[in-house]
Amino acid sequence: MHTVTLIPGDGIGPEITEAARLCVEATGVPIKWDIVEAGASAMEKYGTPLPSLVIESIKKNKVAWKGPITTPVGKGFRSVNVKLRKLLNLYICLRPYKYYPGVKSKFNNVNIVVVRENTEDLYAGIEFEEGKLETKEFIDFVKEKSGVKIAEDSGISIKPISISASRKIVKAAFEYALNNNRKKVTAVHKANIMKFSDGLFSKVAKDVALDYRGKIEFEERLVDNMCMQLVQKPQNYDVLVLPNLYGDIISDLCAGLVGGLGMAPGANIGDKYAIFEPTHGSAPKYRGMNKVNPTGMILSGVMMLKWLGEKEAATRLENAVAAVIREGKKLTYDFKPTPDDPTAVGTREMGEAILEKI
Ligand code: NAD
């Protein structure tokens with residue numbers, strides 16, 4: 001029996017989590033769920049979006065499965081997702097983007113894995129608010145040390161990139177490639193402009209690549225060029241490794257190549273703990289409407305089953321998802337030519353169709 005922390009999240013989180021949980025249970029793998037609340041609902045109940053019992057539960061069980069959690073824009077609490085990744089040192093964000101026949105997409109041959117650094121870069125949360133005394137002091141410090149005059153009315157976010165974190169993430173990308181029959185790792189950055197942050201990432205990536213010479217091919221791309229390459233010839237790419245922010249943006253681009261955000265699963269992995277979740281957010285406008293696609297959440301369940309050592313069940317569940325998509329009868333609105341297509345089914349109905357195929 002496995003015990004897994006289950007965080008339904010908010011927005012569309014509870015609906016997709018419920019549909020996906022039933023599918024995972026239908027594989028017959030014995031799992032005891034330790035259900036805990038984080039996000040807006042926890043804020044109301046406990047006065048914090050991330051109660052300590054959530055962290056305790058994940059530390060005890062080592063594995064969590066999580067629905068999306070809303071982060072208020074520009075105000076309110078900071079991202080629970082970012083905090084979880086930092087607190088548990090989940091330094092690898094692993095996101096596979098695979099085309100399933102039946103999905104409407106311009107491409108039918110995408111099979112890319114994004115390996116995103118999860119702990120530093122502009123996501124480190126080191127920010128100076130416009131108008132604050134410490135911001136003025138920081139602006140003065142920069143002027144004194146570099147001669148660069150930052151406008152007085154600026155808000156500032158800092159981008160730290162370290163040798164240690166870059167080494168760990170690039171090594172993780174190569175190890176993933178090696179263990180999953182992948183051929184190539186592409187390191188993505190903007191080292192020509194940000195010489196001391198992205199430049200360092202590039203230097204470390206080249207260095208790590210030497211250890212895999214002859215086994216895994218290595219190349220680099222500037223992030224702007226990478227965007228164009230991906231929308232023109234995604235079939236040329238295999239495993240991508242990126243610093244945090246580029247990883248976030250390229251993830252959504254890759255989701256767009258395989259049918260949209262509803263199709264994309266992900267995992268946040270460290271040396272001790274792992275959290276599985278869809279790539280997409282809480283899509284608040286669809287909350288409670290039984291409308292959105294549960295596939296990203298279900299495929300993150302496939303990743304979780306593999307992580308738990310339940311490879312056969314994981315394959316059965318993925319095959320069931322693929323079969324329902326291929327048949328095209330019980331699919332949510334985002335598979336259709338228009339959002340109001342009358343043949344679309346709800347989250348629950350698509351989940352049930354997958355469940356029946358298992
Ligand atoms: P989002 O991913 O929630 O939604 C953007 C759009 O994508 C939606 O309006 C919808 O059209 C589509 N979409 C998303 N999921 C879908 C699904 N399962 N099926 C069909 N269509 C789907 O992005 P957003 O609107 O930028 O963010 C909403 C909230 O989610 C924000 O508070 C954000 O911070 C949070 N967020 C959380 C996570 C996480 O929990 N890991 C990740 C990303 C965003």
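Me: How do the axes of helix α1 and helix α10 cross?

Reply: In this predicted model, the axes of α1 (residues 13-26) and α10 (residues 295-307) come within 9 Å and cross at roughly 45°. The crossing of α1 with α10 is right-handed.

Me: Which residues make the contact of α1 with α10?

Reply: On the α1 side they are Ile16, Thr17, Ala20, Cys23 and Val24, and α10 contributes Met297, Ile298, Gly301, Met304 and Leu305. By class, this contact of α1 with α10 comprises eight nonpolar and two polar residues, with no charged residues.

Me: At what angle does α1 cross helix α12?

Reply: Angles under 35 degrees count as roughly parallel. The axes of α1 and α12 (residues 347-357) cross at roughly 10° and come within 9 Å. The two helices α1 and α12 are therefore roughly parallel to each other. From α1, the contact involves Glu15, Ile16, Ala19, Leu22, Cys23 and Ala26; from α12, it involves Thr347, Gly351, Ile354 and Leu355. Seven nonpolar, two polar and one charged residues make up this contact of α1 with α12.

Me: How is helix α11 placed against α12, and what is the handedness of the crossing?

Reply: The axes of α11 (residues 311-327) and α12 come within 8 Å and cross at roughly 120°. That angle makes α11 oblique to α12. The crossing of α11 and α12 is right-handed.

Me: Which residues of α11 and α12 meet, and how do they divide by class?

Reply: Leu317, Ala320, Val321, Ala323, Val324, Ile325 and Glu327 of α11 meet Met350, Ala353, Ile354 and Lys357 of α12. This contact of α11 with α12 has nine nonpolar and two charged residues, and no polar ones.

Me: Turning to the ligand, how many residues surround it, and which are the closest?

Reply: The ligand is surrounded by 22 residues, of which the closest are Ile69, Thr71, Gly281, Ala283 and Asn293.

Me: Which atoms of His280, Ser282 and Tyr333 lie by the ligand's nitrogen and oxygen atoms?

Reply: A polar contact is read from a pair of N or O atoms within 3.5 Å. An N or O atom in the side chain of His280 is 3.2 Å from a nitrogen atom of the ligand. For Tyr333, a polar side-chain atom lies 3.0 Å from a nitrogen atom of the ligand. Ser282 instead presents a polar backbone atom, 3.0 Å from an oxygen atom of the ligand.

Methods. Residues are numbered from 1 along each chain as its sequence is written. This is a predicted model: local features need pLDDT of at least 70, side-chain atom pairs count only at pLDDT 80 or more; totals for chains, interfaces and linings use all residues. Side-chain values use heavy atoms; hydrogens and water are left out. Axes are lines fitted to C-alpha atoms, for helices over the stretch in contact, and angles run from 0 to 180 degrees between N-to-C directions. Helices (H or I, at least four residues) and strands (E, at least two) are DSSP runs, numbered from the N terminus. A crossing is left-handed if the near helix is turned anticlockwise from the far one by less than a right angle, and right-handed if clockwise. Contact means heavy atoms within 4.5 Å. Ala, Val, Leu, Ile, Met, Phe, Trp, Tyr, Cys and Pro count as nonpolar, Asp, Glu, Lys and Arg as charged, and the others, Gly among them, as polar. A residue is near a molecule or strand if one of its heavy atoms lies within 4 Å of it. A polar contact is a pair of N or O atoms within 3.5 Å; within protein, one must be able to donate a hydrogen and the other to accept it, and residues adjacent in sequence count only if both atoms are side-chain atoms. Angles under 35 degrees count as roughly parallel, over 145 as roughly antiparallel, 65 to 115 as roughly perpendicular and the rest as oblique.
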